[in-house]
Amino acid sequence: MSSTVMCNRDTLQNVRIEPRRNSIPPTQTVTAKHLLAYLPRPQPESIRYTPYTYKGAAKSTVASMMIAKRASLIHNNFNYTICSSLPSSQEASPSQTHSPCPPSSQALTLTKQDPLQQQTIRAAPPPPAEETPVPQPLHRSRHLKRFSSRWQSRGSTSSNNVPVSVLDKQHSAKSHKKRCKLLGDEPSSHVTASNLRQRYITKDGKCRVNLGPIKDKSRFISDIFTTIVDLQYRWFLLVFTMCYILTWVTFGGIYFLGAWLRDDIAHVHDPQWKACFQNVDSFLSALLLSLESQRTIGYGSRMVTAHCYEGTVLLMVQSILGSIIDALMVGCMFVKISRPQQRAQTLIFSKHCVICERDEKLCMLFRIGDLRESHMVDAKIRAKLIKSRQTKEGEFIPLEQSEINLGYDTGGDRLLLVEPQTITHVIGESSPFWEVGAERLKRETFEIIVILEGIVETSGMTCQARTSYTEDEVLWGHRFESCISLEKGAFRVDYSAFDKIFEVQMSRLSAKDSSSAKEQDALF
């Protein structure tokens, strides 16, 4: 068994120099210093968002190298101790072939010729076990002692002919468990660039655009009705409740202040006293008077009498203000509950968009459907392409919107949405996909926004449903399966086959290249 040893200068001086022999020098042991050239390099930009297996492999490689380096340092330290403790007579003896530091002229030659190779000298196996253990030298540093005791178990494991690959597998398994723990005990998910890409509109139609800080917020107050309706339900209910509570408390305080100024509180039990606010002896009774007056409850024990004009005017103001609050809050509640966005939940779109040939033309297809029996009136469909580009002058236009023709000139965009409809976009010269083929589709970065608008039959309000398709959700060479069948007396729609597609054999050329090929075939 060979190991890497380091002998001091005194030991090398006592070695008897032999003449150089014309033989092949022994094989040099590769140390950690030589392995520095084989350490993994930083990953390029193209695989930065590759699966975690690349990172795990790199980490496990470094870990295995560090383990091998630490094990070799332990063996070096052991052999160095034996070599330095032997007497000079034994070191100079040429008859001992099992010495830890053999008197070889080749070792001296390597020391003189290459300073890098003087650290790696082939040594014989360690001395037999029956020899008395030699105590360690006192000049060992505290750091080396701590290092040796820490990695003694790993050094003994490697000396028992345990391959480093086992340690590598154990380290990779531990790192994999740590990654799974960080990911929430989920299976290893592949983080690709498409998963990290931000969508413009989600599949359920929500826009992922956050508005920055707006300085002039007074514009929202001018349109208070829309502002209240657009609030979330928790804030809307808070505003709804506080509008009534504040008016009740405010007018209750005014009633209590009027009763205190007119001295009605002190004469509450005097039948001869002409009170303006009858039976108001505390703030709580004044609050009850305000609540009964605004809600027109009128139990009869508390009232505003005709002995003062200010009480009558105050009651009129509260009644008018209460009616305004009722109209505003009830109107906002009705509009918020009956918003057409809830109707859009029953309008569905296919998960994928496919590209295939129809009537010898390259077409892009997707499917829409309505789950309710009450149909959409005057339904219209349109689509937008969201793609950033750079002009010829060097200007960068982020998220540029371009129109995708879905039959606007022929009326194909107006739908009778009784059963699921397959919407067709013919890829012509005016289409943004005119030069896009199967291979280029994989390299493109875009998003298709589909907008369906119509009038809700029950409420007469306009409803809009949206979805989007990224480049990964556009499949080349696929078609939709039919989901309509004929039954006795009616047609049956099978929504379980709404998203089912199948692959077809077709050319992978773009519409432009296919048109050019057909023209060349016609000429020849």
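Colleague: How many helices and strands are there in the chain?

Modeller: Helices (H or I, at least four residues) and strands (E, at least two) are DSSP runs, numbered from the N terminus, and the chain has 15 helices and 16 strands. This is a predicted model, in which local features need pLDDT of at least 70 and side-chain atom pairs count only at pLDDT 80 or more, whereas totals for chains, interfaces and linings use all residues. Residues are numbered from 1 along each chain as its sequence is written, and side-chain values use heavy atoms, with hydrogens and water left out.

Colleague: Which residues form a disulfide?

Modeller: A disulfide is a pair of cysteine sulfur atoms within 2.5 Å; here C276 and C308 form one, with their sulfur atoms 1.4 Å apart. C276 lies in the loop between α11 (233–261) and β1 (277–278), and C308 in the loop between β2 (303–304) and α13 (309–337), so the pair ties together parts that are 32 residues apart in sequence. The torsion about their S-S bond is about 45°, which means that the disulfide is right-handed.

Colleague: Are C276 and C308 buried or exposed?

Modeller: Buried means under 20% relative accessible area, exposed over 50%, and partly exposed in between (1.4 Å probe, protein chains only); by that reading, both C276 and C308 are buried.
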